[in-house]
Amino acid sequence: MRAVVLAAGDGGRLGPHTEALPKALVPVGGRPIIQYTLESLAEAGVEEAVVVTGYRQGQLLAALRESPGVPRLRFVSNPEFRRGASLSLQAARNTVGGERFLLVMADHLLSAELLRRLVDSSEAGKMLVAADFAPGPQHDVHEATRLRVDAHDTTGEPRAVTAIGKHITPYNALDAGAFLLGPEVWAAADSVGADCELSVIFGALVGRGELFAADISGAFWFDVDTEEDLAAAEDLVRGRAERGVA
């Protein structure tokens, strides 16, 4: 299986940290943010990662070409990276358009356990979002994307997502920033227009009854958006290293 890693954004909310550096290369625990997720992808069995670049892409290309312990890398460019993130997803379309693939964000710290559980939940071609039903105190529910997941299916199979968004209420899970998608996602993308946020595309999938929740509760993930998040990520990574957790 291949993965698409969205790494085109300018990371403006990180203030001075991204004035001269792409967000994906901002260090956490002395290593670039993206390095953690690329290594987790490799550990989870992903053989190739398609990295979508944009802001300061020359720096990102140079850094990742010398990066050990990660999947084989392929790069595609989104020159319109200051517009909606849907354009970054579309940039990878010709590369993975006809197959199932993982979609992850370069600014999310994701554990290999989370990615394995997401892939292992796949069945019958369903498209999945990594859903955390028991988020920890480190997760800001006011900033995170929320999920409303069907609570009535007790078969153990992935349950349908019935709503997705930052402000939906009620909700019973958080979107951990990883998806397992199929070629059907492109029809949803085409239906909402070229320039939008990813949540609009996923909302279209929800409306079609095509997005399901993979329960990754208890697996490590953290979204780095702000300077406060960056400081928290440093503490989390340091704590995991002290406990000997990758």
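The largest pocket of this predicted model is lined by 44 residues, and those nearest its centre are M105, D107, H108, D223 and D225. Several elements give two or more residues to that lining: β1 (2-7), β10 (159-165), β11 (173-181), α7 (198-207), β13 (221-223) and α8 (227-242). The pocket has a volume of about 1,300 Å³. What kinds of residue make up its lining? They divide into 17 nonpolar, 12 polar and 15 charged.

Let us follow one of those lining elements, β11, into the rest of the structure. Is β11 mostly covered or mostly open? Strand β11 is mostly covered, with 9 of its 9 residues buried. Which strands pair with β11? One of them is β6 (residues 101-105), which runs antiparallel to β11 and is joined to it by 4 bridges. You can find this pairing in the model by looking for L102, which stands opposite L180 of β11. Strand β8 (residues 127-132) is also antiparallel to β11, again with 4 bridges. Here D132 has L174 of β11 as its bridge partner. Strand β9 (residues 146-149) pairs with β11 in the antiparallel sense too, over 2 bridges. On that side, look for R146, which stands opposite L174. While you have the strands on screen, keep one general idea in mind: along a regular strand, side chains alternate between the two faces of the sheet.

Next, turn to the helix α7, another element that contributes to the pocket lining. Which of its residues are buried? They are L198, I201, F202, A204, L205 and V206. Just after α7 comes G209, a residue with a positive phi of about 70°.

Helix α7 also leads us to the largest nonpolar core. This core has 37 residues, of which V4, F101, L103, L181 and F202 touch the most other members. The element that gives the most to the core is α7, with 6 residues. Beyond its neighbours within four places in sequence, L103 is in contact with V4, L6, L89, G177, A178, F179, L181 and F202. Apart from this core lies another one, of 33 residues, including A3, A49, I216 and A219.

Some loops are worth a visit as well. T226 sits in the loop between β13 and α8. Why does T226 count as buried? Its relative accessibility is 15%, and buried means under 20%. Setting aside neighbours within four places in sequence, T226 is in contact with R13 and L14.

In the loop between β10 and β11 you will find P170. The peptide bond leading from T169 to P170 is cis, with omega near -5°. The other feature belongs to R56, in the loop between β4 (48-53) and α2 (57-64). R56 is not a glycine, yet its phi is positive, at about 50°. Is R56 buried or partly exposed? With a relative accessible area of 35%, R56 is partly exposed.

Key:
Residues are numbered from 1 along each chain as its sequence is written. This is a predicted model: local features need pLDDT of at least 70, side-chain atom pairs count only at pLDDT 80 or more; totals for chains, interfaces and linings use all residues. Side-chain values use heavy atoms; hydrogens and water are left out. On a 1 Å grid over the protein atoms alone, a cavity is a set of points where a 1.4 Å probe fits but cannot get out, and a pocket is an open set with protein on both sides within 12 Å along at least five of seven lines; lining residues have an atom within 4 Å of a point. Grid points are joined across faces, edges and corners, and a volume is the space filled by probe spheres set on the points. Ala, Val, Leu, Ile, Met, Phe, Trp, Tyr, Cys and Pro count as nonpolar, Asp, Glu, Lys and Arg as charged, and the others, Gly among them, as polar. Buried means under 20% relative accessible area, exposed over 50%, partly exposed in between (1.4 Å probe, protein chains only). Two strands pair if DSSP finds at least two bridges between them. A nonpolar core is a set of buried Ala, Val, Leu, Ile, Met, Phe, Trp, Tyr and Cys residues joined through side-chain atoms within 4.5 Å. Contact means heavy atoms within 4.5 Å.
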